[in-house]
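Please open the structure in a viewer and keep the selection panel at hand. The stops below are meant to be visited in order.

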Amino acid sequence: MSLTPSITEQLSRARADLRMGLPVVLFTPGGGAALAAAAETLDPARLADLRALGRPVLAVTARRAATLKARAYDGDLARIALPEEAGAIWLAHMADPADDLVAPLKGPHVTLRGGDATLHRAALRLAKSARLLPAAVLVETADDGPAFAARHGLTPVDVAAAAPVLEGPVHMDEVISARVPLMVSEAGRVHVFRPDDGAEEHYAVEIGKPPRDAPVLARLHSACFTGDLLGSLKCDCGPQLRAALAAMGEAGAGVLLYLNQEGRGIGLANKMRAYSLQDQGFDTVEANHRLGFEDDERDFRIGAEILARMGFGKVRLLTNNPAKVAMMRDHGIAVTERVPLKVGLNPLNAKYLDTKAKKSGHIL
Ligand SMILES: Nc1nc2c(ncn2[C@@H]2O[C@H](COP(=O)(O)OP(=O)(O)OP(=O)(O)O)[C@@H](O)[C@H]2O)c(=O)[nH]1
Ligand SMILES: [Zn+2]
């Protein structure tokens with residue numbers, strides 16, 4: 001029936017539920033089912049309810065497990081049995097490395113081996129896509145997943161159906177575009193693109209009337225609230241944003257995608273967590289890992305999709321990041337030239353830029 005939510009819509013609901021602290025019901029058809037909640041938002045009352053249903057397990061990524069010194073028998077993740085006395089505070093400390101140094105968690109942690117980690121993997125993937133810390137509490141239930149969910153008004157997610165949606169390309173539609181005269185060019189136009197998975201909208205700023213059959217001067221700019229808006233000296237994002245627009249104004253044509261992938265795709269709250277770890281002495285990559293994330297969690301297919309939707313197939317890409325060039329090529333956009341964008345170096349971001357050059361392959 002068309003009134004029934006699609007798997008994409010169910011996933012979008014599940015993300016909102018996790019952010020509010022509600023568990024969702026993950027299941028594989030004909031296989032197991034589990035209630036899953038994000039460790040970061042789960043309150044003590046709901047944790048007690050989960051405990052009443054079975055033995056809770058905390059799933060963390062292998063990155064987080066490495067810091068916790070927990071064995072990741074599942075390769076990419078670890079399933080840690082919740083000790084009897086573990087409450088919401090224990091969970092918060094396991095999920096969030098903020099206090100790792102001042103109050104290290106006492107192990108040893110009992111991690112599960114054998115069995116199936118499919119539901120745990122899906123829970124972590126969902127938590128990441130909800131821009132939460134990748135740590136989830138799961139309790140398996142012998143009940144039928146969808147029936148259990150219906151009884152309690154919870155969102156059921158068929159993880160077998162969800163996998164290709166979570167890993168697949170995002171579909172995007174243009175909602176509207178309107179003329180916005182800019183300082184760099186009066187011929188500015190802002191386009192708003194809305195993904196069909198309920199996630200954040202992304203924007204394209206078109207300068208002039210770039211012909212669609214020639215390489216366009218383009219920038220894929222990832223949102224940086226602190227750098228772009230506040231003028232943070234910790235990164236080079238603000239100067240890069242303004243220099244890219246200025247270059248397009250000067251050339252009379254160009255397209256800047258403003259992608260809402262704050263913090264290289266981990267969201268602003270997690271980026272601030274990473275910043276707080278950086279104040280403890282970790283670099284930008286180490287901080288991401290301690291939080292349980294990879295170095296870069298952005299999905300560059302979003303940028304490729306928007307360019308394609310606008311009719312652009314060839315770009316002269318303003319970037320210092322060769323991975324972006326490779327990613328565009330992988331997703332059907334020809335990069336005829338990489339145009340360096342070296343601006344905004346200051347004494348406070350020199351180490352950050354140096355780390356990006358050494359660990360992330362950026363060309364300084
Ligand atoms: N997780 C995390 N994200 C950061 C940090 N500093 C900046 N960012 C984010 O990084 C993104 C910008 O990415 P960069 O790696 O600076 O640059 P790039 O876009 O890969 O490459 P360029 O095209 O050369 O700018 C923005 O989303 C910022 O919010 C940090 O320390 N940690
Ligand atoms: Zn920045």
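How do the residues of the shell around ligand 1 divide into nonpolar, polar and charged? Seven are nonpolar, ten polar and five charged; here Ala, Val, Leu, Ile, Met, Phe, Trp, Tyr, Cys and Pro count as nonpolar, Asp, Glu, Lys and Arg as charged, and the others, Gly among them, as polar.

The model is predicted: local features need pLDDT of at least 70 and side-chain atom pairs count only at pLDDT 80 or more, while totals for chains, interfaces and linings use all residues. Residues are numbered from 1 along each chain as its sequence is written, and chains are lettered from A and ligands numbered from 1 in the order in which they are written.

**First stop: ligand 1**

Select ligand 1 together with the 22 residues that surround it; a residue is near a molecule if its C-beta atom, placed from the backbone, lies within 6 Å of it. The closest are Ser222, Cys224, Thr319, Asn320 and Asn321. Next, colour α9 (237-251), α10 (262-265), α11 (268-278) and α12 (284-291), each of which supplies at least two residues of this shell. The largest share, three residues, comes from α10. Helices (H or I, at least four residues) and strands (E, at least two) are DSSP runs, numbered from the N terminus.

**Second stop: the annotated positions**

UniProt, in an unreviewed entry, places the feature "binding site" at twelve positions that can be selected together: Arg219, Leu220, His221, Ser222, Ala223, Gln240, Glu262, Gly263, Arg264, Thr284, Thr319 and Lys324. Such positions are given in the numbering used here, feature names are shortened, and annotations may be inferred rather than shown by experiment. The positions span 106 residues in sequence and their farthest two C-alpha atoms are 22.5 Å apart, so they do not all gather at one spot.

Centre on Leu220, in strand β10 (residues 216-222). Leu220 counts as buried because it has 28 C-beta neighbours inside 10 Å; the term requires 20 or more, whereas 12 or fewer means exposed and values in between partly exposed, with C-beta atoms placed from the backbone. Leaving aside neighbours within four places in sequence, Leu220 is in contact (C-beta atoms, placed from the backbone, within 7 Å) with Leu257, Leu259, Gly303 and Lys324.

Then move to Arg264, in helix α10. Arg264 is also buried, with 20 C-beta neighbours inside 10 Å. Not counting residues up to four places away in sequence, Arg264 touches Ser222, Asp296, Glu297 and Arg298.

Select β8 (residues 188-195) and β9, which run antiparallel and are joined by six bridges; two strands pair if DSSP finds at least two bridges between them. Phe193 has His202 as its bridge partner in β9. The two strands form a hairpin with six residues between them, and Gly198 in the turn has a positive phi of about 75 degrees. In β9 (residues 202-207), five of the six residues are buried.

**Last stop: the six-stranded sheet**

Finally, select the open sheet, whose six strands follow the order β4-β3-β5-β2-β1-β6 with mixed pairing. β4 (77-81) and β6 (156-158) stand at the edges with a single partner strand each, so one side of each is left without a neighbour in the sheet. Within the sheet, β3 (residues 57-61) and β5 (residues 135-141) pair in the antiparallel sense over four bridges, and Ala59 has Ala136 as its bridge partner in β5.

Terms used: Contact = placed C-beta atoms within 7 Å.
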